[in-house]
Amino acid sequence: MAAKTNGKMDPIKDERTGKVREVGTQAIWSLSSCKPGFGVDQLRDDCMDTYWQSDGQLPHLVNIQFRQKTTVSDICIYTDYKLDESYTPSRVSIRAGTNFNDLQEVEVIDLNEPTGWVVIPTIDIRERPIRTFMIQIAVISNHQNGRDTHMRQIKIHSPVDTRSLLANDIGNFVTVECQQFATLR
C-alpha cells in the first residue's frame with residue numbers, strides 16, 4: 001500500500017476525532033546518530049521548526065521500542081523539502097518485530113520532494129494493523145544524494161476501537177456466556 005503525502009494532511013485530526021491515539025509516548029526512542037541538539041527531543045516536541053539531524057553513514061535509523069505488544073495502524077512523518085532539500089529522505093523502509101534481531105520489512109516508500117505529513121499505513125497480510133514490540137524507520141536515501149537526514153516530527157498511531165480487532169482474532173464466540181465477559185463494567 002502506498003503512503004499518502006499531502007502538505008495539508010493533518011494526522012492529528014484523527015487523534016482529535018478519536019479514530020486513533022498517538023502511542024509514541026509509550027515507547028522508548030533511540031537514533032542511529034544525531035548532531036548535538038538535534039535528537040529525539042526535537043523529533044517528538046510537536047514543533048515543525050525543530051528536527052532530528054542524523055550524523056553518519058546511511059541508513060539512518062529511528063528505533064521505537066514498546067514495553068508491550070502494541071497495535072500500530074500508521075506512522076506519520078513530517079518532512080519539508082523546501083527547507084531541508086538534500087537532507088530530505090527520498091526512500092524510507094519501515095520494519096517491525098520483537099527486537100533488533102528479527103525485524104521484518106513492512107513497507108518501503110519512495111518520496112518525491114515531500115512537504116508536510118507523510119502517512120504510512122502499517123498493515124499485515126490480512127489487511128489489519130500490525131501488532132509489534134518494535135518499529136524501525138530506516139532512511140535508505142536522501143534527495144540529491146544527501147548524506148545526513150532531517151525529520152521534523154514522527155507520530156505513531158494505534159486504532160482506538162480495538163474490540164473489532166480482538167473479535168476478528170478470537171473467532172465467532174457469540175454465545176451469551178462468552179458475551180457477558182466481553183466488556184468491562
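Guide: Start with a term: contact means heavy atoms within 4.5 Å. This is a predicted model, where local features need pLDDT of at least 70, side-chain atom pairs count only at pLDDT 80 or more, and totals for chains, interfaces and linings use all residues. Residues are numbered from 1 along each chain as its sequence is written, and side-chain values use heavy atoms, with hydrogens and water left out.

Visitor: What is S73 in contact with, leaving aside its neighbours within four places in sequence?
Guide: Its partners include V20, I120, H157 and P159. S73 itself sits in the loop between β5 (60-72) and β6 (74-80). Strands are DSSP runs of E, at least two residues; helices are runs of H or I, at least four; both are numbered from the N terminus.

Visitor: Why is S73 called buried?
Guide: Buried means under 20% relative accessible area, exposed over 50%, partly exposed in between (1.4 Å probe, protein chains only). S73 has 15%, so it is buried.

Visitor: What makes F38 and Y51 a stacked pair?
Guide: Rings of Phe, Tyr and Trp (its six-membered ring) pair if their centres lie within 6.5 Å; planes under 30 degrees apart are stacked, over 60 edge-to-face, the rest tilted. The structure holds two aromatic pairs. F38 and Y51 lie 5.2 Å centre to centre, with 25 degrees between the planes: stacked. They are 13 residues apart.

Visitor: Why is F38 called partly exposed?
Guide: Its relative accessible area is 29%, so it falls in between. Y51, at 16%, counts as buried.

Visitor: How do you know that Y78 and W117 are edge-to-face?
Guide: Their planes are 75 degrees apart, and their centres 5.3 Å. Y78 is in strand β6, W117 in strand β9 (residues 115-121).
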